[in-house]
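Hi,

Here is the structure I said I would pass on.

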Amino acid sequence: MMTSFAAAVAAVAKDPAIPIIPSTFCGLKSASTSLLLCKCPQLLLPSTVAPHHSFIRAVSSPVKPDAPVEQKRSKVEIIKEHSDFIRYPLNEELLTDAPNINESAIQLIKFHGSYQQYNRDERGARSYSFMLRTKNPCGKVSNQLYLAMDDLADQFGIGTLRLTTRQTFQLHGVLKKDLKTVMSTIIRSMGSTLGACGDLNRNVLAPAAPIYRKDYLFAQKTAENIAALLTPQSGFYYDMWVDGEKVMSAEPPEVVKARNDNSHGTNFTNSPEPIYGTQFLPRKFKIAVTIPGDNSVDLFTNDIGVVVVSDADGEPQGFNLYVGGGMGRTHRMENTFPRLAEPLGYVPKEDILYAVKAIVVTQRENGRRDDRKYSRMKYLISSLGIEKFRAVVEGYYGKKFKPCHELPEWEFKSYLGWRDQGDGGLFCGLHVDSGRIKGIMKKTLREVIEKYNLNVRITPNQNIILCDIRQAWKRPITTALAQGGLLQPRYVDPLNVTAMACPAMPLCPLAITEAERGIPDLLKRVRAVFEKVGLKYSESVVIRVTGCPNGCARPYMAELGLVGDGPNSYQFWLGGTPNQTTLATVFKEKVKIHDLEKVLEPLFYHWKRKRLSKESFGEFTNRMGKEKMLEVVDKWEGMPQGPLRYNLKLFADKETYEKVDALAKLQDKSAHQLAMEIIRNFVASNQNGTIE
C-alpha cells in the first residue's frame, strides 16, 4: 500500500498540468511564467517526488551554468541574497552620521522590526525617524516590558504608544542615533522586535483573554510555539543590537525537534537559517490561532489560520487548518485582491508544528519572487487551487490531511469590561481609540499597571487588557481608569468599540490620505446620520479605515470599509459581517470625505426600514446587492418629510450617570427618563423666556 506521503507527492508528480522544475536551479519565475499568469504553474516539490532529481531550493540562488536566460528577481531578493543573513549593509549604515539609511538597509531593517519614516506634514528637508514594532505572541506583555515601552515612548519617541491590529506595540519617532539604545532596552526587558516586519513570519495572533480554560491556554501555547519555530536563528538581530548577546528563554523541546527535522526535505542543511535560508520568504507571512467560535483574531485574513479542536470533555485533540488569507491589494490592479483563508485539513495536536512548517516551506519554494505585488501565499493558492496546493504541502508534511472538523458559528469577541479569569482573578478589557495610548490615558495606565504590578495583553482590535487583578482591587482600579478617560464599555459609543484605523498620515510613507487622525470625526458624523435616520444608539456597524489599499486595519472585512484612494478621498467597501467571516466588496470609488453623508444617509435609512429581523448592515447590503444599493444612493433626494426620532447619548462619564441615577430612583424613574425630563423642562423654560 502506498504511504500517505508517496500518495501525496505522486498525485502532483503525475499531474500533467504541473510541470516539475528540473534538478538544477533555473531562476525565479518571471512575470510571463508566473504562478499568477500561467495556467500551468511550476512547482518545487520535496526531493522525494523524483529521486533521479536533486532539487535545489529557489531560495539558495546558486548559479546555473546552462541556464539560457537569467530569470527576473525583485531587487529585494537580491538585497537579501547579499546581506549575510540580514546584516550588510545595515550594520555599516547605522554607524554613519546621516539621520537616515540607504535603500538596501531600509529593506533589511524591516526584519529587525523597524521602518524608516519621515514627517510628511513638514515641508523642506525631511526629518527622518524610525518606527519600531514589537513581537508579542498572543499579545502578551509583561509588566517589565510595558513599563519599559512607556518610558521609551517618552524618552525617545513622540510620547505615545500605539497598539496594533496584530497585538503588538508600535513606537514612533525614534531617531537613528537612538536605535541601539531603544532596541537593546526592549531586548533586555524580555521583549523583541525580531521579525515584526519583513519577509518572514510576523507576530502570531491568539485570543488575548487570560481565561484559564484548557482550550484557551492550549491555543495560546500553540501560538507561542509556532512563533518560536519560525523565529530566525542566524543571530543577526542580537549581533546588531546587543553585540551578539542572546537574551532569550529556553525553547520547548518540541519546537527544537520540529525545526531540526528534515525528514521530508524542508530544511537547508548546514545553514544558520534551516527554515528560511538566505532569502527568507517571498513576502510577509501571518498566522493566527484560536478556539472554535472565537473570531477575535480575524482568523480568515491570515496566511494560516489554526483552530483548536477539542473532545467532549474539553481536551484539545488537534487543529483545523485554513490557508490563503490576506488583505493587501493595489488600486486599479484587478489581479491583486483581498482573500479569505479556506480549509486545508485537520491534523492531530502533536503534528501542528510539522504541518505549519510544511505550509511555510511550500510558500518559500513556490511563492513568486519577481514581483512583490503577487508574492503573498494567497496568490499561490489562487493560482494552483486548494487541491494541488494541499498535495504539495502533504509532500513536505509527510502525511495526508484529514477533513476539517465541523465548528460552531463564529463570533467577534472584544473582551472589554470586567471578567473572571477562571483562576480567582479578574481581567479588565479597555477600549483605546485606534490603539493610541497618549496623554492622561497613558499616565493613568502607567500608574495602575505599575502600582498593582499587572501584566497586560494587546488585542487584535487595538485594545488593551489588564490581567491578574485581585477582587479587592476592582473598585480603586475602576475609579482610577475612569478618571483617566478609560471608561467601561457601556459608556463607549458602540461605533467606536468595533472601529479600527491604521496610523496613515503623517508618518506612514504609503498613506494616500488620513485614517487614524480622521476617524474620530468620521465616527461622530456616522453617529449623527444614525440619529437622523432613526437608528438606535445601541446599534452599530463595523467601520474600518485605512490610508492606502494595503489593508493594515483589515478594512475588507468591515461592514463599512473606507480605503484611501486619493487626498481626502476613499473607496467604499460594503458587505463584511460583524463576526468577520465575509469579505466586503468595493461599492464606490473616489468618494470625497465631505460627501460622506450623501452616501451613508440613504444606505442607513434603507437598512433601518427594509432589513430583516436582527439583520446586520453587512448582511443587508449583501442581500440587496451592489446595483440596488447604488440605485438607492444615486436616487436619494434627502430625508422624507415627517417627524423623526433622535437618539441622544446623555451621559459621557460614569460619575454624572451615577448621580442622576440616584436622584431618579428617589422618583421611581430611570436615569434616562429623569435626564430627558430635565432637558425638556429647560428647553420649555428657555422658549417661554422664564430662564434666568
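Before the sheet, one definition: two strands pair here if DSSP finds at least two bridges between them. Please also keep in mind that this is a predicted model.

**The sheet**

With that in hand, there is an open sheet of five strands, in the order β1-β2-β5-β4-β12, with antiparallel pairing. β1 (114-118) and β12 (436-437) are the edge strands; each has a single partner strand, so one side of each has no neighbour in the sheet. For β1 that partner is β2 (residues 128-133), and five bridges join the two antiparallel strands. If you want one to click on, Q117 has S129 in β2 as its bridge partner.

Two helices go with this sheet. Helix α5 (residues 143-156) packs on it and touches β4 (161-163), β5 (169-174) and β12. The direction of α5 makes about 20° with that of β5. Helix α6 (residues 179-188) lies across β1, β2 and β5, and runs at about 10° to β2.

**Aromatic rings**

How many aromatic pairs does a search of the whole structure find? It comes to 20. One of them is Y237 with Y238, an edge-to-face pair at 5.3 Å centre to centre, with 80° between the planes. Y237 is buried at 1% relative accessibility, and Y238 is buried as well, with a relative accessible area of 9%.

Another pair is F530 with W607, which is tilted: the centres are 6.3 Å apart and the planes make 55°. F530 belongs to helix α16 (residues 519-533) and W607 to helix α17 (residues 596-610), so this pair ties together parts that are 77 residues apart in sequence. F530 counts as buried at 0% relative accessibility, and W607 counts as buried at 2%. W607 also has a charged residue over its face: R611, at 4.8 Å from the ring centre.

Y118 falls within β1 (114-118). Finally for the rings, F111, F236, Y276 and F280 are linked into a cluster by ring pairs.

**Two threonines**

Is T336 buried or exposed? T336 is found in the loop between β8 (316-323) and β9 (342-348), yet it counts as buried because its relative accessibility is 4% and the cut-off is under 20%. A polar atom of its side chain lies 2.8 Å from the backbone oxygen of M333. Leaving aside neighbours within four places in sequence, T336 is in contact with R329, T330, K373, Y374 and Y379. Take Y379 from that list: it is 43 residues from T336 in sequence, while the C-alpha atoms are 8.4 Å apart in space.

The other one is T478, placed in helix α14 (residues 474-483). At 12% relative accessibility, T478 is buried too.

Cheers

Technical notes
Residues are numbered from 1 along each chain as its sequence is written. This is a predicted model: local features need pLDDT of at least 70, side-chain atom pairs count only at pLDDT 80 or more; totals for chains, interfaces and linings use all residues. Side-chain values use heavy atoms; hydrogens and water are left out. Helices (H or I, at least four residues) and strands (E, at least two) are DSSP runs, numbered from the N terminus. Contact means heavy atoms within 4.5 Å. Axes are lines fitted to C-alpha atoms, for helices over the stretch in contact, and angles run from 0 to 180 degrees between N-to-C directions. Buried means under 20% relative accessible area, exposed over 50%, partly exposed in between (1.4 Å probe, protein chains only). Rings of Phe, Tyr and Trp (its six-membered ring) pair if their centres lie within 6.5 Å; planes under 30 degrees apart count as stacked, over 60 as edge-to-face and the rest as tilted. A charge sits over a ring if NZ of Lys or CZ of Arg is within 6 Å of the ring centre and within 35 degrees of the ring normal. A polar contact is a pair of N or O atoms within 3.5 Å; within protein, one must be able to donate a hydrogen and the other to accept it, and residues adjacent in sequence count only if both atoms are side-chain atoms.
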